[in-house]
Each structure stands twice: as structure tokens, then as C-alpha cells.
Amino acid sequence: MRFTMEERHQRIIELVRSCGTVRLVELADHLDISTVTARRDVDTLAGRGIVDRARGVVSWPDAPSPAERLQHAERGVPDTTAAPAASASAASASASGPVLGMVVPSTRHYFEQVVRGAGEAAAAAGGRLVLGFSGYSQSPDFQIGRMLDSGVEGLLLTPNWPTGVSEQDSPGLEFGVPVVLVERRGAPGTGAARLDRVCTDHAAGAGLAVERLAGLGHERIALVAGDSPTRVQVMAGFETALRTLGLARPPAAAIEFHAEDPDPARQEASVDRLADAVRKREVTAVLVISDTDAILLLQLLRDRGVEVPRDLALVAYDDEVAALSELPLTAVAPPKYAVGQAAVRLLQQRVRERAFADAVAPSPRQHLDLLPELRVRASCGARLETL
């Protein structure tokens with residue numbers, strides 16, 4: 001998605017205000033623009049006094065570095081750098097909040113609202129969030145090391161686990177500061193399983209979709225899924241919901257499809273398979289991960305004479321742009337903003353416990369699962385008539 005100059009400036013302001021400090025290259029990645037364009041935009045905003053820029057880093061005006069903030073806290077200097085978006089009650093708080101680091105794969109797509117929720121929660125407590133991107137690389141150690149060197153007091157981490165779950169022990173997650181996993185789960189028996197985490201319950205989200213479709217009379221429901229870290233959990237919830245509701249698994253229960261598939265022939269074959277199953281009434285409803293896949297799939301099915309919701313009820317999983325489809329799509333909406341806020345609150349609690357370890361016993365580790373919401377629109381259609 002391309003933004004106008006004014007839209008880019010506004011998004012830069014929002015991100016820097018929420019996070020306090022962001023690298024220039026990360027802004028470019030976030031907006032999907034060149035570093036030259038990002039530098040030019042930042043120079044314009046800095047010239048207006050809206051942001052500060054130094055050595056490839058963009059900061060909110062008068063925001064001290066994390067190390068400076070720690071020195072201020074030790075001397076009892078109050079924090080006056082909270083973002084203007086903080087609530088009045090937070091602005092009047094007497095104690096400054098901790099400086100937290102957050103490393104996510106990207107702030108585009110899924111994590112944009114997660115980061116926003118985290119940044120605003122940190123600011124509301126008088127603290128700051130320092131943001132880094134791993135870019136889906138296998139080693140975000142550079143980002144984490146830079147944050148630790150600057151003095152962050154806790155870390156919010158989204159490791160690059162393809163399925164969203166650690167597949168082996170993860171001793172590298174011990175950094176000497178409290179850590180909270182965000183939208184990632186530690187597999188039982190691994191070190192990651194002993195860490196705090198805040199996640200969306202994607203399996204329950206899939207269950208909401210299947211329950212809705214079954215309530216409309218659909219007994220032959222399929223799942224269309226591309227390559228996504230949420231896929232494993234959504235599939236598990238989908239299969240469990242079918243069994244719980246006593247629904248048979250149709251022959252075309254699981255179909256591979258991705259809007260950005262580099263192999264057009266494979267994409268076309270997947271759509272053909274689904275369209276054929278619909279014509280044979282082997283499938284009457286489908287859950288699709290994600291919005292963009294669902295919108296493209298809807299168009300490709302229409303080209304084959306299959307209409308939604310006349311011939312096929314459809315639920316998307318994500319709800320970023322589902323409401324903007326030509327036919328507004330019913331969608332499962334993960335609570336992304338709330339995940340970011342809850343993760344910050346949990347990490348702030350761990351930082352406080354660490355600071356007062358001599359006087360306060362740490363509370364048990366927490367694994368928080370937040371339930372998605374089903375937003376009903378036109379793509380489900382009315383109750384299915386019994387054939």
C-alpha cells in the first residue's frame with residue numbers, strides 16, 4: 001500500500017510518538033519506502049520541530065536515551081517525556097515507567113496494531129518503548145544487544161518461529177532482564193515455555209467461525225490457509241470445532257492458497273479445486289486465512305461462476321481490510337491492540353518485581369490468551385436451506 005506524503009508524515013509521527021525512538025531504516029521498512037524517502041520525510045518533520053533525528057535514529061522531542069532515563073530514575077528526576085497521547089491520569093502519575101524494548105518481525109500487516117497498543121500502554125505509564133524489527137530473519141540478536149546496551153529494563157519479543165511455537169529448547173532467550181513473548185508460544189519442555197507470554201487464542205478464533213457457520217446450517221466446511229505463523233493454531237481449532245460439533249471433515253477440508261504465491265499455476269489449481277468442491281456441494285462454507293487471501297479468492301471464484309454467499313459462505317481470519325471488500329466479509333478479528341497493551345502491563349509488573357526483589361516475591365509466570373471477536377457481515381449469508 002502506497003501513502004501520500006501527508007499520510008507518511010502522520011504515520012511517522014504516530015510511530016515515533018508511541019515508541020519514543022525508532023531507527024530510520026525501520027521507518028522505511030514500516031512504510032515500505034526507500035531509506036532516501038524516509039530520510040527526506042524525517043528531515044521535513046525535524047525541520048518543523050516535530051521529531052528529533054541523530055545518527056540514523058528518530059526520536060520524540062526531548063526524549064532522553066534509555067541510559068539517560070535510568071540515570072534520571074536513580075537520581076529521582078521525574079520523567080516528563082511521555083507522549084502527548086498518554087491519558088491525563090497517566091500524565092499525573094508521580095513515578096516514571098520503565099524503558100522497554102520490543103522486537104517484532106515488522107510493523108506492517110499483523111503487528112502494526114500490536115506495536116501501537118504496546119507503545120501507548122508504555123506511554124500511559126510514563127515510560128517509553130524502544131522498537132526494533134527482525135525482518136523475519138533468524139537472528140534478531142543485533143537488535144536485542146543494541147537495546148540491552150542502551151539500558152532497556154525489559155524485552156517484548158516475537159521470535160521468528162515459523163509456526164508461532166518454539167520447536168526446540170531456546171536458551172538464547174535469557175538476557176538478564178525480564179522477557180515477555182508476544183504472539184509466540186514456548187513448546188512444553190523448552191525454556192521458552194517458562195517465560196511469560198501474551199497471545200491471541202487463534203484456535204478459539206477458528207472455533208468461533210466454525211460455530212457461526214454450523215449455526216447457519218453448514219455441515220461441509222473447508223479451511224483455506226496460506227503460509228502464516230497463525231496457521232497451525234487456526235487449523236487445530238478448526239479440526240477441534242468440527243469434531244465438537246459433530247461435523248464430518250469434507251474431502252476438500254484443507255486447501256493451500258496464498259494471494260502472493262509466486263507460482264500462478266499452483267494458485268489457479270487451488271481455486272479450481274475449491275470451485276469444483278462447491279459445485280459438487282462437497283463444501284458449502286469456508287474459513288480463509290487472511291483478509292487479502294479471502295478477497296482475492298472471492299474474485300477468482302466469481303470468475304468460475306461461484307458466488308459468495310449464494311454458493312459459498314465465507315469467513316476471513318484477520319479483519320484488517322475485510323470490511324472494505326466489495327462484498328463486506330464476515331471476519332474473525334484477533335485482539336492485536338489489546339495483546340500489545342497486555343504484554344506491556346505484564347512486563348512492567350516483572351520489571352517492578354525485579355526492582356524490589358528483596359521485598360516482593362515474584363508472582364507465578366503467566367500465559368495469557370486473549371479471545372478474538374467474530375464480526376458478522378454479508379459474506380456468511382442467511383441460514384442454509386436443507387438440501
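This is a predicted model: local features need pLDDT of at least 70, side-chain atom pairs count only at pLDDT 80 or more; totals for chains, interfaces and linings use all residues.
Residues are numbered from 1 along each chain as its sequence is written, and side-chain values use heavy atoms, with hydrogens and water left out.

The predictor's confidence in each residue is given as pLDDT, from 0 to 100. For the protein chain the mean pLDDT is 84, and 86% of its residues reach 70 or more. Over residues 64-95 the pLDDT is below 50. Beyond near neighbours in sequence, that stretch has 41 contacts in the model, a contact being heavy atoms within 4.5 Å.

Salt bridges come next. A salt bridge is a side-chain nitrogen of Lys or Arg within 4 Å of a carboxyl oxygen of Asp or Glu. By this rule the count is 22. One of them joins Asp196 and Arg350, with the closest N and O atoms 2.7 Å apart. This pair links distant parts of the chain, since Asp196 is in strand S8 (residues 196-200) and Arg350 in helix H12 (residues 336-355), 154 residues apart. Helices (H or I, at least four residues) and strands (E, at least two) are DSSP runs, numbered from the N terminus.

Are these two residues buried or exposed? Buried means under 20% relative accessible area, exposed over 50%, and partly exposed in between (1.4 Å probe, protein chains only). Asp196 counts as buried because its relative accessibility is 1%, and Arg350 counts as buried because its value is 4%. Both also belong to a network of salt bridges that links Asp196, Arg350, Glu353 and Arg365.

A salt bridge also connects the side chains of Arg231 and Glu256 (2.4 Å, N to O). Here Arg231 lies in helix H9 (residues 231-244) and Glu256 in strand S10 (residues 254-256), 25 residues apart. Glu256 has 46% relative accessibility, so Glu256 counts as partly exposed.

Glu268 and Arg304 form a salt bridge too, the closest N and O atoms being 2.3 Å apart. Glu268 is in helix H10 (residues 264-279) and Arg304 in the loop between helix H11 (291-303) and strand S12 (313-317), so the pair ties together parts that are 36 residues apart in sequence. At 32% relative accessibility Glu268 counts as partly exposed, whereas Arg304, at 19%, counts as buried.

Now the rings. A pair of aromatic rings is described by the distance of the centres and the angle of the planes. Rings of Phe, Tyr and Trp (its six-membered ring) pair if their centres lie within 6.5 Å; planes under 30 degrees apart count as stacked, over 60 as edge-to-face and the rest as tilted. The structure holds one aromatic pair. Tyr110 and Phe111 form this edge-to-face pair, 5.4 Å centre to centre with 65° between the planes. Tyr110 and Phe111 are buried.

Two single residues remain. Leu208 lies in helix H8 (residues 202-215) and counts as partly exposed because its relative accessibility is 23%. Leaving aside neighbours within four places in sequence, Leu208 is in contact with Pro372 and Leu374. Leu208 and Leu371 are 163 residues apart in sequence, but 9.7 Å apart in space, C-alpha to C-alpha. Ser325 is in the loop between S12 and strand S13 (330-333), and its 8% relative accessibility is why Ser325 counts as buried.
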